[in-house]
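Have the 3D view open as you read.

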Amino acid sequence: MSAAPANAPSITARDVALELHGDRSRRHLAALAVRDLREGLTLWRLALTLGWLDIRLRYRGSLLGPFWLTLSTAVMIGALGLLYGALFHMDVRTYLPFLALSQVLWAFLGLLIADACACFTQSEVVIRSVRMPLFVHALRVLVRNLLVLAHNVVVIVAVDLIFAVSPGVMALLCLPGIALWLVDSLAICVLLGAVGARFRDIPPIVASITQIAFFITPVMWKPEQLGARVWVLPFNPFFDLLEIVRAPLLGEMPTATVWGAALGYSAVLLALSWWLFTRARGRVPFWI
Amino acid sequence: MRPNPRLDAENVSVFFPLYHGNSRSLKKTVFAVATGRLGRDAQQRPGVQALRDINFTLRSGDRLGLVGANGAGKTTLLRTLAGIYEPVMGRVTIEGSLNALLDPQLGMNPDLTGRENIMLRGLYNGLPRSVLPRLEEDVAEFAELGDFLDLPVRIYSSGMLVRLGFALATAIRPQILLMDEWFLAGDAAFMERARGRLEDMVRGAEILVLSSHMLAAVEEWCTRVLWMDQGRVRADGPRDAVLAAYRKSAATATVEVA
């Protein structure tokens, strides 16, 4: 190699060693998928930057910036709290803290699921112009939604302060729940992202399902309002996943049934997501 | 840096499934119908056979030019060599650092400032954080953006955009350089200044694959030419021989159309 001229930029590209072949054996596909995940994780800084820029650009030029999220959530919870508190004949002092927590946590799940469908299609240009692990795009969607959640958490804290309620030490038990949420979120991004890239009808279908899930899951209403029929709730995966984080933050211990069901549903989700990812990973650039 | 870069294609075939009735697919369909490549894969899904049985090996010092009509598969081949499209059949082996200049606007976000776009490009290319300030300095100097560096790219003039895109693309030096022809387009005044930088990069690269309609560029930079036709290799050999045959065929085709 000839010596680089003095005015040449001295930045060298990253080394690659790749062997891509048409072998569709399970072992080969799994190896490529593992490589994608590993390389995606090493690019965490890119994912963080992209997620952060997504939020910043969405609120560019607005006075409150991302705190519009906080404000609109606060207004909605205040209005819903008064309305449903009256409809359900519940004491606002206990109902509002419950609603604030439920609504903010649900909003995270709902928005993440909706966002996940566009996980790969929104990065079409990048995916088609440079080889990059697809997992980076899943991380980006997660980062973006965690930032939204962080702005909304302010509302929970404010409501708790106003009504002087505190979950106490029990709140720490939400941490394993949150850890499971992070893993599940990435699995949802990969799963729905791949399906959404292949079938463009997925986003509206997913939106309808999430809407129904919102009504059948105790977000606005409390589980005990079901009375004797409360045993049906653990069959709803959204309930179990919501409850492992919500219950500790309300100062309650999630039941073993709820945790068991949450782990079970997560295992199914992860298996499905892995199965699809190993098969769809190499095809996504052709689909978008 | 690896001592010996290599880029090999072995019986590479790429099949494009057609799923979405959007304009892009429609365009592909039109091309495919025109070139007789519309087909179905093993599972009877409609699609385009974009590449068929491509073979070559490239080692340090090789300079390959890709020529062929629109829709011959040149860009698809570049994307496959860059590892973006994975082949359904055959094998692509890439060893060494690689940079594919396929899309001048790669990852450029018009709402971000020039400086932020430079940082993003560095991250997209997996550069360590310690290198980013150097990248910024290099790009800013060449693109001559001055105070515009901290303003959104949206308000840049088209000249500034070209300069930024070009400076970014040529800032990171690979051993294997894959280049699409857009890169050689640009206004004359800018090209003069850009030329030196591009030449440095091309000379610095150990393996070059250049896809172009501009035969003069292929003549200048390549030593070997691959003539593609309907996704297949029509000819592969020394530059002058293949280009002569290609020119002759192109001339005949023009006469036929006329």
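Before anything else, a word on contacts: two residues are in contact if their C-beta atoms, placed from the backbone, lie within 7 Å. Keep in mind, too, that what you're looking at is a predicted model. With that in hand, look at chain B: of its contacts with a separation of 6 or more, 73% are between residues 24 or more positions apart. The chain's secondary structure amounts to eight helices and 10 strands, and 43% of its 258 residues are buried.

Now for the place where the chains meet. Here 38 residues of chain A are in contact with 50 residues of chain B. On chain A's side, at least two residues each come from strand 1 (11-12), strand 2 (15-21), helix 2 (44-58), helix 5 (124-129) and helix 11 (284-287). Strand 2 of chain A gives the most, with seven residues. Sorted by class, chain A's side has 22 nonpolar, seven polar and nine charged residues.

Stay with strand 2 of chain A for a moment. It pairs with strand 5 (residues 89-101) of chain B in the antiparallel sense, over seven bridges.

Next, the inside. The largest nonpolar core has 136 residues, and those with the most contacts inside it are A:Ala116, A:Ala138, A:Cys189, A:Leu192, A:Ala194, B:Leu81 and B:Leu178. Helix 4 (residues 92-116) of chain A provides the largest share of this core, 15 residues. From chain B, at least three residues come from each of domain 1 (6-97 + 212-257) and domain 2 (114-173). For a close-up, pick A:Cys189: leaving aside residues up to four places away in sequence, it touches A:Ala116, A:Cys119, A:Ala138, A:Val141 and A:Leu142.

A:Ala164 lies in the loop between helix 6 (135-162) and helix 7 (174-198) of chain A, while B:Gln230 is in the loop between strand 9 (224-229) and strand 10 (232-238) of chain B. Which of them is buried, and which exposed? A:Ala164 counts as exposed because it has 8 other C-beta atoms within 10 Å, where the cut-off is 12 or fewer. B:Gln230 has 20 within that distance, so it counts as buried, a label that takes 20 or more.

Definitions and conventions: Residues are numbered from 1 along each chain as its sequence is written. Chains are lettered from A and ligands numbered from 1 in the order in which they are written. This is a predicted model: local features need pLDDT of at least 70, side-chain atom pairs count only at pLDDT 80 or more; totals for chains, interfaces and linings use all residues. Helices (H or I, at least four residues) and strands (E, at least two) are DSSP runs, numbered from the N terminus. Ala, Val, Leu, Ile, Met, Phe, Trp, Tyr, Cys and Pro count as nonpolar, Asp, Glu, Lys and Arg as charged, and the others, Gly among them, as polar. Two strands pair if DSSP finds at least two bridges between them. A nonpolar core is a set of buried Ala, Val, Leu, Ile, Met, Phe, Trp, Tyr and Cys residues joined through C-beta atoms within 7 Å. Domain bounds come from an automatic or database domain assignment.
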